Amino acid sequence: MFRQIACGLPAAALALALASCATPPSPHLLRISVPDQKMVVFNRGVEIARYDVSTSKFGVGDRPGSYATPLGEMVVKQKIGAGQPSGMKFKSRRPTGEIVQPNAPGRDPIVSRILWLKGLEAQNRRAFDRGIYIHGTAEEWSIGRPASYGCIRMRSRDVIQLFNTVGVGTRVEVVNSHFPAGMVQGNGETAPAQQFNMATTRLPTPPPAAAGPNSTPIQAASAAPTPRKSIGSKKRPSTPAAPSAGPTPIPATRSAINGSTARSSRG
C-alpha cells in the first residue's frame, strides 16, 4: 500500500511525507562533570534539573576491559525499563522480577531504569558495545563519588524522573572539567536555586586573580584584627570571618586496573 501511495506522489511531496515521519531532534541535553560527579539537564538551553551521579572508580576512557567512563558526546540510543517499579533488578537488560531496596547490604545490581548510550566521537565509539548506561543503582550511599564500573549511576528516584523526562536521541556530554562554581551547589534533592543558560556552562572556571604588590594575603584578611588599647576607649568586637562559599568538588579518580576481564553485570 505504501508503494502505491508513494508512486502517486510527486517527488517533493514524497520527501515531505518522509520527513514528517522522522523523529524530531530532542530539546534536551545532559551534561555530566566527572570531577564534580553531577549531571545538569537542559531543555532548549535552560537548566531544568541537576542530580548527583557516580562515574567510574577506574577513571575515564573507552578502552575495552578498562571499566572506565567514556568522555565526549554521546546519545541515548535505547530506554529500558518503562513501567517497572523502583528497585527492579535488571540482568542482561531484562527485569528479573526481584526488587532490591536502596543500600541493601552486599547488593550492587543495575536497578529501576536503563538509558543505553551510543558514542558519537572517536574517543567513545565503543560505548554502546561496552554497555555504557545511565542507570539506577542499589548502592545509593556511593552516589556523589566515583564508584561505578564505567556507567553513570543515579539514585532510583532520580533516574526514573530523568527517564520520564528525556527521550531516545537525547544528547549526553561527559566532560572531565568542573562546572562553574554556582552549578555545583545543592545536593540533587532540591530544585535548582537558579537557572543557568547552556552557553554559560561552556565557559571555564576563571582562575584566581594574581596577588599584586599591595595585596593582603587571604589569611590576614580573614583573621580578626587585634584591637588597639587607648585611654578612655573600649574594645570593639572583632568581625567574624566570612564563611566559605559552596562545597568542595570531589576530584575524579584516575586509577588503572591490571589486565582485561569480562564485563561485570554491575555498571
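A residue is called buried when its relative accessible area is under 20%, exposed when that area is over 50%, and partly exposed in between, as judged with a 1.4 Å probe and protein chains only. By this criterion, buried residues make up 39% of the 267 residues in the protein chain. The structure is a predicted model, in which local features need pLDDT of at least 70 and side-chain atom pairs count only at pLDDT 80 or more, whereas totals for chains, interfaces and linings use all residues. Residues are numbered from 1 along each chain as its sequence is written, and side-chain values use heavy atoms, with hydrogens and water left out.

A contact requires heavy atoms within 4.5 Å. Among contacts between residues at least 6 apart in sequence, 69% join residues at least 24 apart.

Two strands are said to pair if DSSP finds at least two bridges between them. Strand E4 pairs with E10 in the antiparallel sense over 4 bridges, and valine 75 stands opposite arginine 171 in E10. E4 also pairs with E7, again in the antiparallel sense, over 6 bridges; here methionine 74 has glycine 119 in E7 as its bridge partner.

The interior may be considered next. In soluble globular proteins, nonpolar side chains tend to be buried together. A nonpolar core is here a set of buried Ala, Val, Leu, Ile, Met, Phe, Trp, Tyr and Cys residues joined through side-chain atoms within 4.5 Å. The largest such core has 25 residues, and Met39, Leu117, Ile134, Met154, Leu162, Val172 and Val174 touch the most other members. At least two residues of this core come from each of strand E1 (28–33), strand E2 (38–43), E3, E4, E7, E9, helix H4 (156–165) and E10. H4 gives the most, with 4 residues. A second, separate core of 8 residues includes Ile80, Ile110, Ile114 and Tyr133. Valine 172, leaving out residues up to four places away in sequence, touches Leu30, Ile32, Gly72, Glu73, Met74, Val75, Val76 and Leu117.

A salt bridge is defined by a side-chain nitrogen of Lys or Arg within 4 Å of a carboxyl oxygen of Asp or Glu, and a search of the whole structure finds 12 of them. One joins arginine 171 to glutamate 73, with the closest N and O atoms 3.8 Å apart. This pair links distant parts of the chain, since arginine 171 is in strand E10 (residues 171–175) and glutamate 73 in strand E4 (residues 72–80), 98 residues apart. Arginine 171 is partly exposed, with a relative accessible area of 27%, and glutamate 73 is partly exposed at 25%. Arginine 171 also meets glutamate 173 in a salt bridge (2.6 Å, N to O); glutamate 173 is buried, with a relative accessible area of 9%. Arg31, Glu73, Arg171 and Glu173 are linked in a network of salt bridges.

Another salt bridge connects aspartate 108 with arginine 153, the closest N and O atoms being 3.1 Å apart. Aspartate 108 lies in the loop between strand E6 (94–99) and strand E7 (110–119), and arginine 153 in strand E9 (residues 152–154), so the pair ties together parts that are 45 residues apart in sequence. Both aspartate 108 and arginine 153 are buried.

Two further polar residues complete the account. Aspartate 52 is placed in strand E3 (residues 46–52) and is buried, with a relative accessible area of 9%. Its side chain makes a polar contact with the side chain of lysine 38 (2.5 Å); a polar contact is a pair of N or O atoms within 3.5 Å, and within protein one must be able to donate a hydrogen and the other to accept it, while residues adjacent in sequence count only if both atoms are side-chain atoms. Serine 112, found in strand E7, counts as buried at 0% relative accessibility. A polar atom of the serine 112 side chain lies 2.8 Å from the backbone nitrogen of glycine 87.
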